[in-house]
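Here's a quick tour of a protein model, starting with single residues and ending with the whole chain. Keep the structure open and click along as you read.

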Amino acid sequence: MTRIFSGIKPSGHLTLGNYLGAVRQWVATEQRPDEALFCVVDLHALTVEHDPARVRRLSRQAATLLLAAGLDPRVCTLFVQSHVDEHTRLAYVLECTAADGELRRMIQYKEKAAKAQAAGEGVRLSLLTYPVLMAADILAYGTEEVPVGEDQRQHVELTRDLAVRFNQRYGYTFTVPRATTPAVAARVMDLQQPTSKMGKSEAVGSGIVYLLDEPEVITKKVMRAVTDNEGGVVYEREDRPGAANLLDILAACTGGDPAVLAGGYSGYGQLKRDVAEAVVETLRPVRQRHAELAADPAAVDAVLRAGAERARAIARPVVDRAYEAIGLLVP
Ligand code: TYM
C-alpha cells in the first residue's frame, strides 16, 4: 500500500491550474487501494501579507471545493494543517537539518521575496522557511508519493534531500517521497501572460480561470486568451506558449494529445471555442456540487475534524521517532 500526501494553500480562490495540475490527480488516487491524505495547508497562507478573515474563509472554501471535486472522506483523509500540531512540531527539527543556502535557492522564494520587496512589504521569515514546513507536511506521514503540479517539484526535491540527510545523520526515520505530475497540464499558464503560471495568489484575474467562475465568465476569459501572432495552430511550448497552453488545457479536459489536437485546427477562433466549452463542462459538476455542500458548512467542518483526528494518529508516532532520533527526551 502506497501512502499519498498532498496539500493546497488557501491563499486565493482555487484555479483551473490547481484542478488540472493537482486536484484531479488526487481524486484519481481513490481508485487505487492506497492510503491518501489531502490537506488545506493554512499555515502556508501566512507567509505573505494576508487578511485573517479571508484566509479563514478560503480555508473552508478550499475544503468544500475538494469535496465537490470528488474527494470522498470515506476513502481519503481530508483535513486542515493547523488542526494537527505535528506539522510545526516536525518543522523545527527539519530546520535543524536544512541549510540556509539551500532555502535561499528556492525559485518560489526568490520570486515572492522580490515581489514583496518591490511592493514595499517586508519579507516574512516564514517565506524563507516555508519549504521546510512543506517537507514536514510530507515526511510526518511516511509519504511515498506526492501528486503535485510542476511548480512544486523543487520543493519535493528538497524534501527528499532533507529526509536522506536526516536518515544518514540520525538513523533511518523518514520514508523518502517522490513527486508525481500529470502527463499534460502539469503547468497551466496564465491566459493573458502565457509565459507565467496561472497562480491563485495573483491580483489580476483576467487570465485566470477560477473553479467557481460562471460559465459565461470562463468563456469570456478563454476567448480573450493571448495567442501568438503567426497563423496556423501548432504545438510548440517554447515558441508558441499561448497556443500550447490552450492545447494543453483542451487535452487535459478531453483526454487527447495536445500535438495531435493541434492538427485539427486552422485558426484560433475554433480552438478557443472548443477550449471554453471543454473547461465549462469539466468544471460544471464541481460548481454544482460546491453549491450543495456550501449550504451545510457544519458538515464540512465535521469532515475536517474527523480527518484531523485520523491524520494526528498517523503523524504522532513518526514525529516522536524523529524527536528521539535527533536527541530529544520523549516524555
Ligand atoms: P499551491 O496551493 O500553490 O497549489 C496546489 C497544487 O496545485 C498545483 N498548481 C498547478 N498545477 C498546474 N498548473 C498550475 N498553474 C498550477 N498552480 C498550482 C501545485 O503544483 C500544487 O500541487 N507549497 C504548496 C502546498 C503544499 C504542499 C505541501 C503540496 C504545502 N505542503 C505538501 C504537497 C505536499 C503550494 O503552495 O501549492
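Thr 15 has a relative accessibility of 0%, so it counts as buried. Keep in mind that this is a predicted model. You'll find Thr 15 in the loop that runs between strand S1 (3–8) and helix H1 (16–28).

What does Thr 15 touch, once its neighbours within four places in sequence are set aside? The list is Met 198, Gly 199, Lys 200, Ile 208, Val 209, Tyr 210 and Leu 211.

## A tryptophan in H1

Move along into helix H1 and you get to Trp 26. Trp 26 sits at 0% relative accessibility, which puts it in the buried class.

Look around Trp 26 and, leaving out residues up to four places away in sequence, you'll see contacts with Ser 6, Gly 7, Ile 8, Phe 38, Leu 66, Leu 71 and Pro 147.

## From strand S2 into helix H2

Leu 43 belongs to the loop linking strand S2 (35–40) to H2. Is Leu 43 buried or partly exposed? Its relative accessible area is 24%, so it falls in the partly exposed class, given that buried means under 20%. Beyond its neighbours within four places in sequence, Leu 43 makes contact with Gln 81, Ser 82, Thr 88 and Leu 133. Of these, Ser 82 is 39 residues along the chain from Leu 43, with 6.3 Å between the two C-alpha atoms.

Carry on into helix H2 (residues 52–68) and you reach Ser 59. Ser 59 is buried, because its relative accessibility is 10%, under the 20% cut-off. With neighbours within four places in sequence left aside, Ser 59 contacts Pro 10, Val 40 and Asp 42.

## Two buried loop residues

Ala 185 lies in the loop between strand S5 (178–180) and H8. Check its backbone: phi is near 65°, a positive value in a residue that isn't glycine. Ala 185 also counts as buried, since its relative accessibility is 3%.

Arg 240 is in another loop, the one between helix H8 (215–223) and helix H9 (241–254). Is this arginine buried or exposed? Arg 240 is buried, because its relative accessible area is 7%. Not counting residues up to four places away in sequence, Arg 240 touches Asp 228, Glu 230, Gly 231, Gly 232, Val 234 and Tyr 268.

## Out along helix H12

Ala 325 is part of helix H12 (residues 297–326). Its relative accessible area is 27%, so Ala 325 is classed as partly exposed. Apart from neighbours within four places in sequence, its contacts are Phe 166, Tyr 170 and Thr 173.

Ala 325 and Val 217 are 108 residues apart in sequence, and their C-alpha atoms are 54 Å apart in space.

## The cysteines

How many disulfides does the structure hold? The count is zero. For reference, a disulfide is a covalent bond between the sulfur atoms of two cysteines. Cys 96 is partly exposed, because its relative accessibility is 38%. Cys 253, on the other hand, is buried, because its relative accessible area is 18%.

## Zooming out

Overall, the protein has twelve helices and five strands. Its C-alpha atoms fill a box of roughly 70 × 45 × 40 Å along the principal axes. A compact globule of 331 residues would have a radius of gyration near 20 Å, and the protein has 20 Å, so the two agree.

Of the 331 residues, 53% count as buried. Among contacts with a separation of 6 or more, 77% come from residues 24 or more positions apart. The protein exposes about 15100 Å², with carbon and sulfur atoms supplying 51% of that area. As for charge, there are 39 positive and 42 negative ones, and their mean positions are 2 Å apart.

Conventions. Residues numbered from 1 in each chain as written. Predicted model: local features only at pLDDT ≥ 70, side-chain atom pairs only at ≥ 80, totals over all residues. Heavy atoms only, no water. Disulfide = S-S within 2.5 Å. Buried < 20%, exposed > 50% of the residue type's maximum accessible area, 1.4 Å probe, protein only. Helix = DSSP H or I, 4+ residues; strand = E, 2+ residues; numbered from the N terminus. Rg over C-alpha atoms; globule rule 2.2 N^0.38 Å. Contact = heavy atoms within 4.5 Å. Areas by Shrake-Rupley, 256 points an atom, 1.4 Å probe, with all protein chains shown as cover. Lys, Arg positive; Asp, Glu negative; His and termini not counted. Charge placed at Lys NZ, Arg CZ, Asp CG, Glu CD.
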